[in-house]
Amino acid sequence: MKQVHTHPEHCDTRLPPNMFYWAILDTSGLPAPGIRPSTRVQRLGYLFESILPEPTESVHAVYLPIAAGHVLACALPRDRLSDRHEDAISLGPLEAPPFILESLANEHRALDASGFIRSINLLTGEYEPPAVLRAKSRCSLHVVMILTLCTLLITIGLERRTQSSRSSVMDMNSHIQTLYDLALGDATSNGQDPAARLLSELRRMRAASDSRNQLQTPPDVSIALASILERWPSVVAAQTSNVHLTGDRVMITALLPNTTQAEQLERSMSEVDGWTIGQRTFRPARDGVELRLPLVPIEEGTP
Amino acid sequence: MRFRPSSAIAGTAALCFVALLLAWGRFKAADQSASSARARLSRVSANVIELETLRAELPPVMPSDKPHGFLVTHLRESLQRADLAGVQIKQITRPGDRVAQRPGTSGDNALVSLRSEVIVLESLTTSELGQWLQDWRQHHAEWTPSQISMNAIRGRTQLSGGYSVTIHMTTLFSNHQPPGLNP
């Protein structure tokens with residue numbers, strides 16, 4: 001008599017182990033993982049076929065890897081699958097036959113044999129229950145919707161940033177044009193490339209700056225003249241014939257009544273700030289003494 | 001035909017990937033364009049700032065329509081301000097402009113020149129000369145008295161007497177009127 005155990009909530013149908021075909025397949029001869037799943041199932045079917053009492057086409061099998069090189073094969077004749085409970089969403093063995101349990105216990109001690117056997121479900125592939133298919137469809141629809149929504153949000157975000165970048169490019173180009181207008185005036189409207197025009201103008205200005213640095217304005221000699229006139233002794237009756245000032249030299253040529261007054265003028269001139277007396281000369285003249293008194297600037301650092 | 005949820009997800013994922021790829025491509029292109037514009041703006045700004053700084057350092061442009069007229073006018077005004085309207089401007093000459101000679105150039109198109117004008121004023125006492133120089137420096141600081149030669153006029157016997165004063169006035173000026181700002 002057929003003994004059927006059905007879980008009331010999950011429609012989990014469990015059948016006695018003797019209704020199934022069982023085997024532990026040695027898959028070490030099969031190619032390494034990486035081949036397509038359908039090809040692998042087909043090859044496992046060839047291995048299983050050698051110990052099945054009926055052709056593989058008449059059974060529906062599932063294969064569960066136990067450990068490296070070993071797969072548990074579990075199959076049920078297709079006619080028994082066809083008359084399953086219509087509400088069943090999973091169908092599997094209640095327990096494993098003793099020889100399988102013994103093999104699992106001896107060779108695969110780490111495996112929880114009871115839980116492992118409970119995880120076997122033959123309602124897969126063409127026997128997948130409509131309820132499971134509907135649930136999978138719903139789940140897929142949710143995934144598709146989430147994917148679409150995420151893509152939409154990311155695309156909108158990227159598009160906003162794209163627009164923002166484009167807008168900032170326009171602003172910057174406008175700013176650049178304003179700078180060209182400010183720097184070059186109408187020169188930007190005569191068809192010339194403003195960037196080249198700006199660089200050309202910049203080169204001209206750099207050249208002008210170099211020229212300016214080379215052409216130093218000579219020092220203002222009026223300051224030296226003011227100092228000299230400030231120190232000029234009022235008592236000296238000099239008939240000055242010439243005062244000549246340049247940036248680096250002052251030459252005073254004076255006609256004086258006598259040597260004493262010439263020396264007094266020399267002493268006064270020695271007190272002019274920033275200047276020192278050079279090689280002066282006295283020369284007798286018709287009405288007295290002619291003094292030639294050169295002044296040179298005191299070099300920086302000279303005591 | 002059987003509905004395959006995994007195919008629907010894969011198809012949607014592929015479409016989403018293509019859409020994201022296109023949006024990302026557009027964004028990257030715009031972003032690169034913005035980076036390039038930013039770099040260009042920065043470069044142009046730096047160039048314009050340097051240009052304006054150099055222009056600001058340039059000496060003023062010299063009116064060249066009336067030779068000497070510019071200086072003569074200022075000289076008369078300055079003498080009047082110093083109550084020396086009676087002083088005679090005997091002579092104004094221009095020895096020539098000096099330009100910075102750069103290797104391989106003739107100097108004809110120099111942007112900056114150093115101009116000297118030689119002024120000869122007659123019958124000026126030392127105090128009058130001081131008065132006038134003070135006014136000149138106050139109002140025309142760009143013209144520097146770079147050389148002064150005082151020659152006593154025959155017959156005068158004191159330093160405070162009359163002199164013939166020869167003054168070399170020197171100034172830097174630009175030959176180039178820059179376009180745009182700072183004309």
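Student: Is A:T27 buried or exposed, and why?

Tutor: Buried means under 20% relative accessible area, exposed over 50%, and partly exposed in between (1.4 Å probe, protein chains only). A:T27 has 9% relative accessibility, so A:T27 counts as buried. This is a predicted model, where local features need pLDDT of at least 70, side-chain atom pairs count only at pLDDT 80 or more, and totals for chains, interfaces and linings use all residues. Residues are numbered from 1 along each chain as its sequence is written, chains are lettered from A and ligands numbered from 1 in the order in which they are written, and side-chain values use heavy atoms, with hydrogens and water left out.

Student: With which residues is A:T27 in contact, leaving aside its neighbours within four places in sequence?

Tutor: Contact means heavy atoms within 4.5 Å. On that basis A:T27 touches A:L44, A:L47, A:G69, A:H70 and A:V71. A:T27 sits in the loop between β3 and α1 (37–49) of chain A; helices (H or I, at least four residues) and strands (E, at least two) are DSSP runs, numbered from the N terminus.

Student: How are two packed helices described?

Tutor: By the angle between their axes and the distance between the axes. Axes are lines fitted to C-alpha atoms, for helices over the stretch in contact, with angles from 0 to 180 degrees between N-to-C directions. The axes of α5 (residues 130–184) of chain A and α1 (residues 5–57) of chain B come within 8 Å and cross at roughly 15°. That makes α5(A) roughly parallel to α1(B) (angles under 35 degrees count as roughly parallel).

Conventions:
Parallel < 35°, antiparallel > 145°, perpendicular 65-115°, else oblique.
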